[in-house]
Each structure stands twice: as C-alpha cells, then as structure tokens.
Amino acid sequence: MAKTKMHLGFDFSYSHMGGRWRLPGAWPGRTFPDVEMYEEVARICERGLFDMIFSGDGTGVPDTWRGSRDAAIEWGMNWPRQDLNPLMVAMSRVTKHLGFGLTYSSTFMHPYYMARLMNSLDHLTGGRIAMNLVTSTRRADAANYGFDELMEHGARYDRMEEFVDVCRKLWDSAEPDLMIWDHATGRVSDPAKIHDVSHHGRFFKVQGPLNTPPSPQRHPVLIQAGGSPRGIRASAYVADHVFGADMDVELQVKQRYALDAALTALGKDPQKTGILWQTPIVVRATRAEAEAQKDLLLTAIPAEAVGAYISYNAGYDFSTVPERFTVKELHDEIVASNASPVGFIYELGHKIGRETTITRAEFFEHAIREATAYDTTLAGSVKDVADILEERFEATGSRGGFMFGHVPALPNDLVALVDLLVPELQRRGRFRTEYRYKTLRENLLDS
Ligand SMILES: Cc1cc2nc3c(=O)[nH]c(=O)nc-3n(C[C@H](O)[C@H](O)[C@H](O)COP(=O)(O)O)c2cc1C
C-alpha cells in the first residue's frame, strides 16, 4: 500500500537572528534583508518541492528582559524584523509552485485590512498564499498597538475566531464569476453577484463587501499556532492546517488527540487538518558532521541574549527568577500574568517534573538550549533523520508533516535538506516527486 506523504515547509524566521548569521555555512557578506538572498532561498525550497516557505513574525523590539531592549538590539534577538510580505512577493516572482506562509497577529491587526491583503497576495501568486494567525504573548508587540497590558488569554482567542469570521465573510462577499470585462458594452462586473457583509460583533463592525474579486484560492490557506486548550479549540475553528511546536513527541501526540476531538466536536473531518510540526534540523552525510554543526548553536549567543529571547516569547521577565524555585511556581506566575499556559516553561515541567526544584543557574542552562533550539534540533545522518521523521509522522496520525527551520546557517543547512533528506524521503515514498496542483491549498491536501 502506498505510504501517506508528508508535507514540508521551511521557516526562515530566525535565519538572521540568534547569532546564526555568522555561523559557518551562512552567506558571507550578506545581511538581512538582502532580497536576493531570499529569492535564492525560495528557489532552493522549490527545487526541494517544499509545500511552502514560511515566516513567523513579531512586531515589537523585545524589552521584557530587565525591562530593557538593549540586549535584544545588541545581540540581534528578534531584531531586526521587517514585515515579510514584500519579501514573499519577491520570492513568489522567482518561483511557480512554492507556497508562502505569512504571520500576522489577530490581536493587533484588523480583519478588513488582512482579508484584502491576503486576497491581493493570492491573486499575485496565483493561489499560493497562507495566513498564519497568532494571538501574541509578546508585551513589546502589544505596546505598539495601544495596549498597556496583554489582552486576556481567552479574549485573544475570541477575537481571533471573530477575526476569521469576518475574513471568511469578506472573501465570500463576491461570487467567483462576477467579473465581466466586456469590451463591447463596457460592463466591468455584475452588481447582483456582490453582497454586503454587515458584520456586527464583539470586536469588529465591518460592512463589506471586499472591493476586489475572489482570488484563486478564494479563501487563502489559514494556519494557526496556538497550543493551549483554548488555542487548540481555536485551531479547530480557524485553521486549515496547524503549526505545532517542536516539543516532545508525547506532547505532540497529546495535541493531535486534542485537535481531533475539537475538530470532531465542530463536525469537521480531522483527517483533513494536518499539523506541520516545527522541526529544527541539521542533516549531513554522517551523524558526527551533523552534530558538530548543531553544537555551534551553543556558542552563537551570550547569556544576555538568551534572557532577551525567552522573556520576550513568554511575556515574562526571567531576570527576576529567584535562586531556587519549582517549575510549577514559575508556570503559575506566568499564567497569572496573562501570558500563555504553554511554551518553554510548560515543556520544561514536562521534561524535568513540575515539582522539581531547580536553581537559577540550572534554569539558564535549559534556557540557552531553548533560545537556540538546541534541545529540539534533530541532527543526524540522512537515515537517522528520515527514520525519526517517519516515526513522528506516524505517531502523530500521518497528517501534515514538518516545518523545517531554525537551521544553524542559511543557505548551507537548507541545501543539505534539499539535496540529502528530500531524495531519501522520496525513496521511502514519503514525499512528492513533483508538484501536482496549482494552489497551495490543493498541494497541502495531496497525500
Ligand atoms: C510553532 C509556533 C509558532 C509561533 N509563531 C509565532 C510568531 O511567529 N509570532 C507570534 O507572535 N507568536 C507565535 N507563536 C505564539 C502563538 O501565537 C501563541 O501565542 C502561543 O503558542 C501560546 O499559545 P496559546 O496562545 O494557545 O496559549 C507561535 C507558537 C507556536 C506553537
């Protein structure tokens, strides 16, 4: 029987950050945001037949650590970052099949603007666009959009669901065949085929319709990355495909079950919603070579940079942790501060035990491995890595696949994925040998 195929994406979010830009194998003499560098990344990804190239985003300068932005700026932690939309457009112009995933926060953005932008990008790329929605736990981001405090966790997800309701109504506000462009009569489009939206909700009031015709995918692919119980319910409501965290496989299996239950409760078919697991990865001809490359991550940034990274992502200033504490105490404080019940501290509790007492020094040893993605980076020979990916794929229900990323160095570590790993996955019947469809939505459902 034919094996179910994996879907593969490449997340380039962190390629110029966390000290990666100067590791061996990184582009010499090029700095972010050199557009030619990104065009080349897109060409390499398309050569590897990836479903999409993807970027996360953050829109603030991290300043949670010690209440200061200095460490982030000095060491390049989530800094500098641009809106990736223009870079994706550039990359789309040098490719034909590759999809593009862009991240925006439903907590800060407005759905009319986003529905219109995604429609435009979908037209421009011929149906290759995905919108990844995040709720944002990052205080520095919130501070740029009029918030003194993070919006309450549940409310962020209520807003996300309504945000997507509005987008969907706007994308449906014009019928696919409304455009006429009749040279003889001069009629441009049929007014009977365009409809008001008249949305009046808790967060948004939008009259509609959208002022453009439907795009090739009509609804650009929706991705969502929440991992808490409320976040998973939102995934079921919102997402065509989910972006899952690079955590222990038992936690991934747990998320898969929870998502299946949430999808079923909504009357949706769980088989159709894949999870693309974030998977930092280094592959080489031999295990020793791959591990040597991975080890460089631990030398890439100083302790201050680690603090800046983990504090920004968790929405909590870890410079204040005491000399000794239990993971549970820290986790409870983070949840009480409206940040997130999942993430680094939740995963640490899973790994070493929630009631375990640790010292400040031990905590920061875990933190450097988190900030560099060291612990979760799969490093090995082609066979090692392909075996693990197959195991994880099957354990998590053989739906979706992997979002490679956080590679130590671009382009070399991406080229290794394309030239070494992709052929092996193809040999095992686990990955496509050609793009069969035109749109990202269709390619992501091709199994
Ligand atoms: C794989 C993954 C990628 C994420 N990427 C981003 C991102 O690029 N920008 C961002 O602001 N938040 C990002 N988040 C954070 C989520 O939006 C969310 O706030 C976080 O996972 C906390 O989960 P919860 O909101 O369900 O508690 C990401 C989360 C995960 C799991």
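## Ligand shell and nonpolar cores

By class, the shell around the ligand holds 13 polar, 7 nonpolar and 2 charged residues; Ala, Val, Leu, Ile, Met, Phe, Trp, Tyr, Cys and Pro count as nonpolar, Asp, Glu, Lys and Arg as charged, and the others, Gly among them, as polar. This is a predicted model, in which local features need pLDDT of at least 70, side-chain atom pairs count only at pLDDT 80 or more, and totals for chains, interfaces and linings use all residues. Residues are numbered from 1 along each chain as its sequence is written, and side-chain values use heavy atoms, without hydrogens and water.

The ligand is surrounded by 22 residues, each with a heavy atom within 4 Å of it. The closest are Asp57, His153, Tyr157, Ser228 and Ser340. The table gives polar contacts, which are pairs of N or O atoms within 3.5 Å.

| Residue | Protein atom | Ligand atom | Distance |
|---|---|---|---|
| Ser340 | side-chain N or O | oxygen | 2.5 Å |
| Asp57 | polar backbone atom | nitrogen | 2.6 Å |
| Arg138 | polar side-chain atom | nitrogen | 3.4 Å |

On its own the ligand has 610 Å² of accessible area, and the protein covers 87% of that (Shrake-Rupley method, 1.4 Å probe).

The largest nonpolar core has 79 residues. Such a core is a set of buried Ala, Val, Leu, Ile, Met, Phe, Trp, Tyr and Cys residues joined through side-chain atoms within 4.5 Å, where buried means under 20% relative accessible area (1.4 Å probe, protein chains only). Phe10, Phe50, Met118, Leu389, Phe404 and Leu421 touch the most other members. Apart from this core lies another, of 30 residues, including Tyr316 and Phe344.

Methods:
A polar contact is a pair of N or O atoms within 3.5 Å; within protein, one must be able to donate a hydrogen and the other to accept it, and residues adjacent in sequence count only if both atoms are side-chain atoms. Buried means under 20% relative accessible area, exposed over 50%, partly exposed in between (1.4 Å probe, protein chains only).
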